[in-house]
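Please examine the sequence and structure shown here before reading on.

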Amino acid sequence: MCAHILVAEDDEMQAELIRRLLLQEGHTPVVVHDGRAAIDEATSRRPDLVVLDLMLPKIDGLGVCRVLRENGEIPVLMLTARSTEDDVLLGLGLGADDYMTKPYSPRELMARIRTVLRRTLRPAELSPVLRAGGITVDPARHEVTCDGSPVLCTPGEFAIIHAMTAEPDRVFSRRQLLQHTRGHDRASTERAIDVHIMNLRKKIEPDPRTPVRLLTVFGVGYKLTGQPS
């Protein structure tokens, strides 16, 4: 699986390490060192993935992520020296698909990149179109509609709505949904699922404050109702 990957990292040594690792994996990396350059490059060349440092000059990683989400669905793997949960959830709330805190293992970084790419660069002959509760998910086209209107989803949000549409009315725990979105079973990041659910509700619910499609099952997790709202 070869991909065009944009690396936005102001630490030149870290950027060069990531570039070499990506080359070894057969990818085509492009490296920039500030947020403005990251936005320009992502806009002009539409990479398959952006590896995005949070602490960038000119425009920080959160600002870059916000712009990318306003203009499309480019997957984002965020790198951050900020290990507090609030900072991580803020990044995920803006649409980052995954994150890693510094210092990180190069092997784990490559594993995370492979996981994101597997979710987003899928062959067209995957599962059929799914429908439940007014939601339609087309895995081959990576498209979601709600009552016939298109819904722009991040890859992480798409993974959640795809899993839940495949099994309507099933209650998924946060840990189970985390396995779908990340391929990792890490209890420390389960709160990130709440952020994805909140974002999905803004996109598919008539009133996100009183959801009728994507429901909370208190003490257990979430489910997508199989009946139209």
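**Backbone and sheet features**

Pro-103 is located in the loop that joins strand 5 (98-101) and helix 5 (106-120). The model is a predicted one.

- Four strands form an open sheet in the order 6-7-8-9, and their pairing is antiparallel.
- Strand 6 (130-132) and strand 9 (149-151) are the edge strands; each has a single partner strand, so one side of each lacks a neighbour in the sheet.
- From one strand to the next, the twist averages 25°.
- Four bridges link strand 7 (residues 135-138) to strand 8 (residues 143-146) in the antiparallel sense, and Val-137 stands opposite Val-144 of strand 8.
- Helix 6 (residues 155-166) lies across strand 6, strand 7 and strand 8, and runs at about 110° to strand 7.

- Strand 11 (residues 214-217) pairs with strand 12 (residues 221-224) over four bridges in the antiparallel sense.
- Thr-216 has Tyr-222 in strand 12 as its bridge partner.
- Three residues lie between the strands of this hairpin, in which Gly-219 takes a positive phi near 85°.

- Arg-46, in the loop between helix 2 (35-45) and strand 3 (49-53), has a positive phi near 50°.
- Arg-46 counts as partly exposed because its relative accessibility is 42%.
- Asp-147, in the loop between strand 8 and strand 9, has a positive phi of about 55°.
- Asp-147 has 55% relative accessibility and therefore counts as exposed.

How values were computed. Residues are numbered from 1 along each chain as its sequence is written. This is a predicted model: local features need pLDDT of at least 70, side-chain atom pairs count only at pLDDT 80 or more; totals for chains, interfaces and linings use all residues. Side-chain values use heavy atoms; hydrogens and water are left out. Two strands pair if DSSP finds at least two bridges between them. Helices (H or I, at least four residues) and strands (E, at least two) are DSSP runs, numbered from the N terminus. Axes are lines fitted to C-alpha atoms, for helices over the stretch in contact, and angles run from 0 to 180 degrees between N-to-C directions. Contact means heavy atoms within 4.5 Å. Buried means under 20% relative accessible area, exposed over 50%, partly exposed in between (1.4 Å probe, protein chains only).
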